[in-house]
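Visitor: Before we start, please show me the model. I would like to ask what stands behind the terms used for it.

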Amino acid sequence: ERAAVGTSHAKAILFGEHAVVYGAPAVAIPLHALTATAQVTERPAGTHIHSALFRGQADDAPARVQPLLEALYSALRRTGHAGQGVDLRLDSTIPYERGLGSSAAVAVAVARAVAALEHHEFDAEDIHAVAMDAETIAHGKSSGLDPRTVASAVPIRFLGGQVSPVSVGSRLDFVLADTGRAGATGKAVSAVRRRLEAEPDVVTPLIDRLAELAEIGTSCMASGDREALGAHMCEVHRHLAELGVSDLTLERLVDAADRAGAMGAKLTGGGRGGCVIVLARDEEHAEHVEVDLRRAGATRTWRTAVEAA
Ligand code: MEV
């Protein structure tokens with residue numbers, strides 16, 4: 001019985017969420033502490049799924065599992081796999097619908113597992129194509145930022161579908177905190193689009209400024225200017241709130257981070273629920289920020305550091 005495993009990790013966006021949909025640059029970091037692992041095993045016939053969301057035959061899978069199935073079928077098609085059935089077991093520690101890229105990470109893990117099973121060389125573009133197929137089902141049209149970040153071991157700058165590594169001048173200690181409220185990326189993206197159409201004079205300058213902030217943020221990271229980096233993260237949050245994708249739960253956590261002396265804090269990903277990302281002063285401060293964010297209502301928190309590189 002042939003079997004193979006593929007893995008991927010979560011992501012957090014520092015600059016450019018929403019604006020990236022309109023061609024703005026974005027900066028995002030991998031979250032290695034949260035992982036998705038897919039195991040595929042050949043079986044005589046049929047597709048069988050074991051995941052936290054669903055266990056059973058693919059034909060009976062509910063709508064929430066469709067992105068996972070799309071990733072599987074897309075990957076199998078691209079390897080030229082024919083005939084045999086597949087058993088897909090998914091273990092993910094990435095919370096769903098929290099702006100952490102769970103759907104993209106699951107798709108990349110599945111693509112890697114299927115490629116390994118079929119002894120097929122998938123390059124970065126093949127993996128990306130599979131993840132985009134799954135993201136289209138999960139969220140509607142995706143900029144491609146999430147699939148690129150969950151497939152990258154290092155922080156990336158993303159522009160027009162192209163990625164490059166971001167240089168980092170000094171170690172950055174981040175805290176992520178979950179509002180406990182599910183976000184819906186697809187809905188948030190359509191809401192911003194509707195506002196852009198209704199009020200282009202208000203929304204276009206916000207998107208332009210978010211694009212500028214992604215460029216400024218990239219240079220702050222490179223020069224290791226954490227003070228400026230944090231201040232610009234705060235500015236991004238204000239503009240995202242003006243775009244209408246923040247909410248009370250996110251505002252409460254951003255305020256708590258501010259009171260805890262964080263250098264910067266913002267919502268991350270699609271918003272309207274989901275998570276905030278906070279830049280702490282150092283590792284020790286990050287631990288304090290975590291405690292304060294939990295006191296302010298965060299249901300879960302994680303710490304991650306980006307090393308100078
Ligand atoms: C979602 O993590 C990021 C958004 O910019 C959507 C996208 O890039 O497709 C909100």
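**Strands, domains and ligand**

Guide: Strand β2 (residues 26-43) and β5 run antiparallel and are joined by eight bridges. The model is a predicted one: local features need pLDDT of at least 70, side-chain atom pairs count only at pLDDT 80 or more, and totals for chains, interfaces and linings use all residues. Residues are numbered from 1 along each chain as its sequence is written.

Visitor: What makes β2 and β5 a pair?

Guide: Two strands pair if DSSP finds at least two bridges between them; β2 and β5 have eight, so they pair. Strands are DSSP runs of E with at least two residues, helices are runs of H or I with at least four, and both are numbered from the N terminus. One of the bridges sets alanine 36 against serine 92 in β5.

Visitor: How do you know that strand β3 (residues 47-50) pairs with β5, and in which sense?

Guide: Four bridges link β3 and β5, in the parallel sense. Histidine 50 is opposite arginine 89 of β5.

Visitor: Which strand is joined to β2 by three bridges?

Guide: That is strand β6 (residues 156-159), antiparallel to β2. Valine 27 has arginine 157 of β6 as its bridge partner. Arginine 157 also stands opposite serine 164 in β7.

Visitor: What do β6 and β7 form?

Guide: They form a hairpin, with two residues between the strands. Glycine 160 in the turn has a positive phi of about 55°. Strand β7 (residues 162-165) and β6 pair antiparallel over four bridges.

Visitor: Where do the bounds of domain 1 and domain 2 lie?

Guide: Domain 1 spans 3-163 and domain 2 spans 167-306; such bounds come from an automatic or database domain assignment. Their centres, taken over C-alpha atoms, are separated by 24 Å.

Visitor: How many residues of each domain are in contact with the other?

Guide: Contact requires C-beta atoms, placed from the backbone, within 7 Å. On that basis 27 residues of domain 1 are in contact with 33 of domain 2. On the domain 1 side, β2 gives the largest share, six residues.

Visitor: What surrounds the ligand?

Guide: A shell of 14 residues, the closest being Glu17, Ser142, Ser143, Gly269 and Gly270; a residue is near a molecule if its C-beta atom, placed from the backbone, lies within 6 Å of it. Elements α4 (145-150) and α5 (185-198) each give two or more residues to this shell.

Visitor: Why is the ligand said to lie between the domains?

Guide: Both domain 1 and domain 2 give residues to the shell, so the ligand lies between them.

Technical notes
Contact = placed C-beta atoms within 7 Å.
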